[in-house]
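Have a look at the picture and then go down the points.

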Amino acid sequence: MLKRYLLAPGPTPVPPEALLAMAMPIIHHRSPDFLPVLESAKKGLQWLYQTENDVLIICSTGTGGMVGAVNNFFSPGDKALVVNAGNFGERWTKICAGYNLDVKEIKIDWGYTVKPEEVEKALRDDPSIKGVFVQASETSTGVYHDIRALASIVKKYEDTILVVDAISALVAHDLKMDDWGIDVMIGGSQKGLMLPPGLAFIGVSEKAWAFAGKATSPKFYFNFQKERESLAKNQTSFTSPVSLIIGLNESLKILRAEGLENAFRRHEELANATREAAKALGLEMFTRESPSNAVTALEAPTGMDGQEIYKNLRVKYGITAAGGQGQAKGKIFRIAHLGYAGTFDVITAIAGVEMVLKGMGHPLELGTGVAVAQKLLMV
Ligand SMILES: *Cc1c(COP(=O)(O)O)cnc(C)c1O
């Protein structure tokens, strides 16, 4: 037997409380049994999103939430400004282009973040830009973009909204939707929320709802105005993924008991310990600035293949981390510390990386990184 450890930036491990709750018999989504369940999830998500506005619950993966954000708030021909700093930024471009938006990209070298001044300049040069699209945490490169600064810029433009893919950042980073003025914020179940894949969440500001009233892009399944009406009745427009929503309430219960600030701090501490341990092993961060608290992206040592490191972790030691995506494939490997994650997930990951790298011929003393992580995480 090889015991398995899931340390990927999605899907992430699910706590036993949620697993057990999701094993309950199915209840009917229009029955009085279910309405309080949905109401509780709705309120919990508002708490997590730090918003008084609606947070829609859609049955799809995170990308479905991204698609819905494009077809519900925009019309063909609308100008979109996409921050493309990695694989998921590129996805914004593809979705916007797919719905015939007029896309302009701010292309950022992988490993770096967008400078808020670049967005400010683009909007000043062309205030007819309708939407600014960005990731909070760009999972492919491990950077965190300065969402607070971007929101303060976009807020000044009446005809522009800020659309944030927070799928991997939610729970790992403090994102104050209302305070900062984020207009659309997308989350997914299988990352910080510690659930199986299958739910997307979309927080929507009043400013964005006004956009939805004017948008003419085709829509049917992802119809946010209809979902908003359903949500007001503690329902979803189509059959609710009842088991996942029951699980969501369990995750939210765990997070409420921990407290939001503590959850952010936990992610920060785990991320910091992972980075410091990697440094002690002589590894270079692929992320050049503003590293995300959700995932650590590390360069494979010179002459080594990042995919080989990822594969050895999984095959030899049962640790499922992640390789690189797109242009970073082969050059890097990534370790997540996201969601249902604690001290010994980091220790496990670092110990595994040490054993794999030593096995591949990288000069290191076993235990070097582990000791650093232990020192940092000891209480
Ligand atoms: C995981 C992830 C997504 C969504 O992926 P799905 O497979 O559709 O759930 C989108 N953006 C980011 C930044 C992600 O990390």
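1. Start with strand β2, residues 55-59: in this predicted model the strand is mostly covered, with 4 of its 5 residues buried. Its partner is strand β10 (residues 199-204); the two run antiparallel and are joined by 5 bridges.

2. Next, His145. You'll find His145 in the loop between β7 (143-144) and α6 (147-154). Is His145 buried or exposed? With a relative accessible area of 1%, under the 20% cut-off, His145 counts as buried. Leaving out neighbours within four places in sequence, His145 is in contact with Val83, Ala85, Tyr112, Thr113, Val114, Val134, Gln135, Ala136 and Glu138.

3. Ile147 is worth a look too. Not counting residues up to four places away in sequence, Ile147 touches Val134, Gln135, Ala136, Leu162, Val164, Leu175, Trp180 and Ile182. Val134, Gln135 and Ala136 also turn up among the contacts of His145.

4. Now the nonpolar cores. The largest one has 89 residues, and Ile147 is one of those with the most contacts inside it, along with Phe73, Phe133, Leu193 and Leu248. Helix α10 (residues 242-258) gives the most to this core, namely 7 residues. Where does this core lie relative to domain 1 and domain 2? Both domain 1 (5-10 + 259-377) and domain 2 (16-257) give residues to this core, so it lies between them. Apart from this core lies another, of 29 residues, including Leu270, Ala277, Met285 and Phe333.

Terms used:
Residues are numbered from 1 along each chain as its sequence is written. This is a predicted model: local features need pLDDT of at least 70, side-chain atom pairs count only at pLDDT 80 or more; totals for chains, interfaces and linings use all residues. Side-chain values use heavy atoms; hydrogens and water are left out. Buried means under 20% relative accessible area, exposed over 50%, partly exposed in between (1.4 Å probe, protein chains only). Two strands pair if DSSP finds at least two bridges between them. Contact means heavy atoms within 4.5 Å. A nonpolar core is a set of buried Ala, Val, Leu, Ile, Met, Phe, Trp, Tyr and Cys residues joined through side-chain atoms within 4.5 Å. Domain bounds come from an automatic or database domain assignment.
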